[in-house]
Every structure is written in C-alpha cells, then in structure tokens.
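Hi everyone, thanks for coming. Let me bring up the structure, and then we'll walk through a couple of places in it together.

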Amino acid sequence: MSLKNTLHNLKEKYKGKKMAPAFNALHTFLYMPNETTHSGSHVRAADDLKRTMNTVIMALIPVLFFGIFNTGYQHFAAIDAANNVAREFSLWGNFLTWDNFWLGAVQVVPIVIVSYGVGLAIEFLFAVIKGHEVEEGYLVTGMLVPLIVPVDTPLWMLAIAVAFGVVIGKEVFGGTGMNILNPALTIRAFLFFAYPTWMSGDKVWVHDAVNLAGTPDAISGETVLGYLAQNKDFSYSVSDMFFGFIPGSIGETSTLLILLGGLFLVFSKIASWRIMVSAVAGALVMAYIFNFAVDQEWISETSKFYGLMSLDGWKHLIVGGLAFGIVYMATDPVTGAQTNRGKWIYGFLIGFISIMIRAFNPAYPEGVFLAILLMNVFAPTIDHYVVRGNVKRRLKRLKNATIHPKSTDGKAEELKAETV
Amino acid sequence: MSKDIRIKKGLSINLVGGAEQTTSKAVLSNVYAINLDDFHGITPKMLVKQGAEVKAGEALFYNKDREDMLFVSPVSGELIEIQRGARRKILTLKILADKTQEQLTHTALDVKTASAAAVKAHLLKVGCWPYIKQRPYDIVADPDSTPKAIFISGYGTAPLAADPDYVLQGKEAEMQAALTALGKCTPGKVHVSVGTNGNSPLAKLEGIELHKISGPHPAGLVGTQINKIDPINKGELVWTVAPQDLVMIGEALLKGVFNPERIVALVGSSVKKPKYYATKIGTEISTFLYASGVNEENIRVINGDVLTGAKSSPDGYLGFYNNTVSAIPEGDDYDFFGWNKPIFNKISSTRALTFSWLQPKKKYKLDTNTNGEHRAFVVTGQYEAVFPLDIYPMQLLKACMVKDLDEMEQLGLYEVAPEDFSLTEFICISKQPHQQIIREGLDLMYKEIG
C-alpha cells in the first residue's frame, strides 16, 4: 500500500481522537488534504495559509544563510581587528568561506532548532488541548526569531522567551489570527527586558566577544548604532552597511537581501507594499527632521544624541534592524492594520517612531521592535477610525433614503381608526 | 439614456467547458421536482396531498406567511412523493409527469392599463411571484412592499454561466411586458444593465434606465450594480429579478400561464460537449447531462454556476431559478506537497509560486478541492482587491460571525447577498465559508429586525 493510502487510513482511524490535530499537522505537511467544498463556492483558489507562510519563509532563507556566513566573518574580523591585522574584504576570499559557514552554522542552527522545537511543541500542545488544527502562524515566527536575536543568545533563554511569546503573545488570545502583538517581537521584547545584559551593549553582537571580554584576546562586539549612540567613529563603509558586512542581530544586517526579500513578498502579493513604503517614508521624515535640527545647530556636538541625529537620514535605513523590521515584521497581517488606508498610517508611524526611539533611547540604540509593538497595539484603533469613515459615508447617504411604507401599514392604520 | 459603469476590482475566472451557442431539445423527464431549498426563508403549506393529480401551473403549496403567494407545479401529473427531513421539514416535491400535458391557464393581463395591485395579484396567482427577490436579506419579495427601485442584470460575468444575450434572444416582447408591469410597482426606476457590446436584447426595451457595465466578475452581479447605481440604505428596499425569470413573468402576464420552459447552459470541464438545452424547471439533470456526455465518473454536479450554485447530482433536478448547470471533477484526492510546490494548473490571486498571473487568458480545469484547510482570518487586503462594493468585506464577515447586529448594519449588510461574497470566498486563503457566514448574518438580522 502506498504512503498516501496508509496515511489516509491512519487519518480515518484517528478521526475525533485527542491526538488527531497532531497527526493531521504532520499529514497535511506531506499531503494537501482531500477536503472538498461543502457550501458556497464549489471551486477555490490555489492559495492556502501554508503556501502563504511558505512564501515568507522563502524570502527569509537568503537572509538566514547570509547571517550564518556573517556570524563567522564578524568573529574572525573582530579577532583580526583586536590583533591589529589589516583585513581586506573579499567576498570569496574571506566571506563565503567554509570556516565562516561552519562557525556560523554551529551558532545559528541550534537557535533555529530551539526556536522551532519549543514553539511548535507549544502549538501542537494547544491544538491537542483545544481540539483545533495546528495553524501555520508559527512557521514564520519560528524563522523570524533566530534572525532578530544576538548570535550568542543562550539557548535556554531563547527557549523561555519562545514559550512566553507563544503562550502569552498568541495562544491566550486564541492562536493564529487572533493575537494582538507580533509573537516574534514579543519574544524579542521578553529577551530584551528579562536579560538586558545579553541583549544590548558592545559585546553581544559578535560571537565570543562576551566570553573573551577581560582577557588579552578581547574583541569588540559593537554595532554601528552603538558607535553612533556613543558619538564614536567607526570603520564601516556605506557599502558594508548596505550589503550587511557589519555586526548585528543574525539576520538584520544585509539591507540588500532584505530589500530583495521585500520585493519578492510584494511581487507575490503576500506582504503589503503600502506598509513597507509608508514605513520607509516615516523613517526618512523623522531622520531628516533630526538632520534639520542638527543643521540648525539646535543640537550641539557634545549632545549625546548628536551621533544618531546627525547621521544622514537615508543611512538610517541601512543600519540596525529597521529594514528587517519593516519588511518582515511590520507587514504581519494579523497584528498590523487591516484596512488599506490604515496600513498607510500604521506603516508611517512605525518608521517615524522607530527612528525617534533609536535616537532618544539611552539604553539601547534601536527602536524598530518597540515601535512595531507599539503600533500593533494601536492598529485596531487606526482601523476603527478608517472603518468609521465608511460607516459615516453610509449614514450620510441614509439622509436621502427613500423609504416607502408597506401597503399593509396603511391598511392597519385604517382598521385602527374604524375600531376606535 | 445609458450610463456607463466600469468595474475595476474583481477577478474573471476562466474555466474550461464554456457552453457552445447551440441549443438542443432535452429529452422529457419522467419525474419533475421542486426543491424547497430554492426558496430561502419560505415555510411551505401544502395545498395538495401526496398522490393527487395536478395540472401544469396548478398550485402545490403556498407561503405560510402569505396565503396568496402560490408555488405551482411545472408539469401536469401525479404528486408522487413529498420528501421530508428533520422535524418533518419538506425538502422536495416530486411529480410524475403525464404523457399529455394539461396546462392551467389564467386570463392574461393588459399590462398597459393594469394597476400595480393587479400586477402583483396576477403574479402571485400564476406562481411567478417567487421570481421577484428583494434586498435587504436576499429573499422572495414581500408583495406588500414598495421598492425604491428594481434592478435587473443582463450582464453575465460568473464563471461559465449562461450568456444572457444568447438565452434571451427573441424574448423581447415578454421582457418588455414584464418590465412595464414591474415598473408600476415602484415609484422609482427600473435599472437594467447590459454589457458594452450592445448585443443584449434588453438594451432596446422601453421604460427602463439602461446601464452599460464592463469589467471582471463580479461586475455582472446585481449586488455590485446596485452598489454603484443606487446603494441600499437602512429601511430601503429594492427588488431584483434575473433576466431569464423576467421572461417567465412576461409570459405569465401576456398569456396567463406559468411556462416552465427555459434554456439551460450545461457547462464545466467534466462535460464532453457543453452546450445549451431547452428544457423545463424541475427536470431531472440526467436527461441532458448524459446527452452531452461526461468525461469522468467522479463529478460534482452543480445547480447554477460554480461560485454560487447548489450541490446536486446527476439524478438531481434543475432548480427553480437556474439556467446553468455545471459539472466539474471532484477533488477528493491528496496532493503530495501540494502546499509548497509551484502551481501552474490552478487559479490564484497571488503570485506565491502560483503562476496563473502569467497567462490571464488561459482556461483552467478546477476541481472541488479546497486547496487547503479552514483557518482563522490571517491575510488582509486580499478581499478588497476583488470586492468592488464600498464595503469592508472582512470587517463585515467578522461582524456576522460574532453576531453584532449594530456593526452588521453599520458596515452595510443590508446591501449584500451571499453571492456578493462568492469571489472573496473563492480567493480566501483561510478557506472561510463566506457565503454561509453572510447568509446566517442576513437570517439573524431578518429575525431580529426584519
């Protein structure tokens, strides 16, 4: 008997049992189910939630691979820098090398495994308890989480954060499609507030920088934003920042690959271009307001905000996690604004607030995850007012309504008059 | 005078199996049936008993809430079976047709001089009243009501649906009579819409407000046109009539008979020779389905088009309102890694490794597989792209799901019928049953407020 028939028979056997959702999740992973339409439309389009989520994952894979190589590259580059060895960048010579890949993979792959393992285990558990199918939301979250954490994040911390994020961020609200906050960012925020020393500072962004701190081999693990926040000079060029050969969270550094991923998502009509465009616009507006303030000499060079506020506005887009946040996190359809007009407002404010927090947060020079979480909370309010606009239009129309009385209404009145 | 309306949002679903424009006469059916599910919200009260002889056009039952609203037999014969379901609800009435047909004939009505009340009484008596539907609620119209306008869509955009220009050929006199008579029932206008090619027999008729519609599906749905021409407000009422039903109303007025004959398009990729058949309402579908031949055994027969029709079977019966019967393959099979491999043979509104956007003119052979499982609403912005009405579709669906009457009213439930959500249901990534949600919302609203 073929695999298909075996699985079909197993499915029939488990139907209605407690473990059915868990089995079905694995079954539907292998085979698209034999379900047919019952009511309404007899034919359906080809897309389902699995395909949608899979498309986002496809857009994330290049970023993940880049992150693996970059982990290795930054580690070795930092060692060279500490030993005053001059290092000339070469894509094939010292970036896409086996050493970099191996070192990166050893660090990153366990993070991916823990993220998926813990998250999916909780999803399965809740599906079995609540008796619904395992929904696909975590497929993307599980891939996002490794890309937005520092490379040396201890796995146990990650496991706790994932458990918190999935349970409190999502399942308590009813699971996929019902959550208010982006689960991946909830996980990130939990890590940030629970273990700040592991999530910020000048050591955590390069592999081994924390371990080597205080030893003669100490290396730097500072990000571009970190240098800027301290008004220090740094040696990274614009092209380094655009292509992503800089320290940072695992997947956030390569603006080029993120841009390509974003274009792919827009082209495949999975992510909202409105949010992406307006978020970039919002970020630029805030950044150029800061530039203007610096030009007007309202901010002196001694101000601790000088470094970030004087950075050319457009450069904000290629450093830190802003690009990654805009493309992959702000566009989450569940937690974002749901109306087209709302998306413009929502995106704009994300960009705007990201740069604001970035400049003014003394503890941690990055604001995109806080900005998105904040706007997640406001998205339903934005939508509410956009939808009210539609309702108001309808109420306005109502004033000119032509309502004809029922012919029986008249008769009833006549009858009444007679009986009185 | 005509006004042009261009619909931009939407999706034309091109399927294999469009009907060739030739009409054959279908074999006469032995048994005819009236399916009570066709009349949503009507509680039937039987007028004849099982085993009784009825003439064609003689009443079988009436609306419990309105004794004068009669539902008649399409043929003369013996009422052989009253199929009942749970709580003795009547499901189907079956009539064994006589060899020689006897027709019940009423006196014809002079539409020029008749009053609105006379028109209504005549249509109720002949059995053609159920062809007049009303919005809000998408139910058979209340004869006591006065609509603000009447809408007739003579522009077909539903996938594989019968071409109104073809089936209405030569029926101008009947349609004119019906339109003149219906025009008396409203102080407002009778809006008739046709395609832009100018071949529609409806275009030449008088006493109407003509609109020329263009654009993809759902431009041809009457709900889309109402929303663009004169949207329904709270408390307002409009009537809608399908053009093929207009012909029957016309015959009822001109000749005083209930003439169940109509031209039906047999379509779909499972049909060997899709074409038109001249037959009667209630006829067994097998009488013409097998005349055209079927391509496979495991098929879904649909009373209506593939987006809005009712599930039937080869031994099912042609519905009261239908002029399309579709047959497509059942999709009850598994697809190995069907969720992530590139898809070339199915329609999609996205480009997520689905390639229907490469060939917009290609005709597809779709089956009844849902292409995925039921999920919560996740993706946003997809429905709006194919939903031309000035309504937020997902918000309205959610309001219906949580039974929030205020919200349903404010978001425009009065303006829609389930069919308006057929296209959003088709593209729905979460595979939600949109039409069912809207139907339940409308029913709840009718019960609570109606």
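At what angle do helix 8 and helix 18 of chain A pack, and how far apart are their axes? Keep in mind as we look that this is a predicted model. Two packed helices are described by the angle between their axes and the distance between the axes. For this pair, helix 8 covers residues 183-194 of chain A and helix 18 covers residues 368-398. The angle is about 125°, and the axes lie 10 Å apart. Because of that angle, helix 8 of chain A counts as oblique to helix 18 of chain A. The crossing of these two chain A helices is left-handed.

Which residues meet there? From helix 8 of chain A we have A:Leu185, A:Arg188 and A:Ala189, and across from them in helix 18 of chain A sit A:Phe369, A:Ile372 and A:Leu373. Sorted by class, the contact between helix 8 and helix 18 of chain A has five nonpolar residues, one charged residue and no polar ones.

Now let's turn to where the two chains meet. Chain B puts 71 residues into the contact, and chain A puts in 55. Several elements of chain B supply at least two residues each, among them strand 18 (299-303) and helix 10 (434-448). Helix 9 of chain B gives the most, with four residues. The side of chain B that touches chain A has 26 nonpolar, 28 polar and 17 charged residues.

One last stop: strand 1 of chain A, residues 31-32, pairs with strand 21 of chain B in the antiparallel sense, over two bridges. There, A:Tyr31 has B:Phe336 as its bridge partner. Thanks, all!

Key: Residues numbered from 1 in each chain as written. Chains lettered and ligands numbered in written order. Predicted model: local features only at pLDDT ≥ 70, side-chain atom pairs only at ≥ 80, totals over all residues. Axes fitted to C-alpha atoms, helices over the stretch in contact; angles between N-to-C directions. Parallel < 35°, antiparallel > 145°, perpendicular 65-115°, else oblique. Left-handed = near helix turned anticlockwise from the far one by under 90°. Contact = placed C-beta atoms within 7 Å. Nonpolar A, V, L, I, M, F, W, Y, C, P; charged D, E, K, R; others polar. Pairing = 2+ DSSP bridges.
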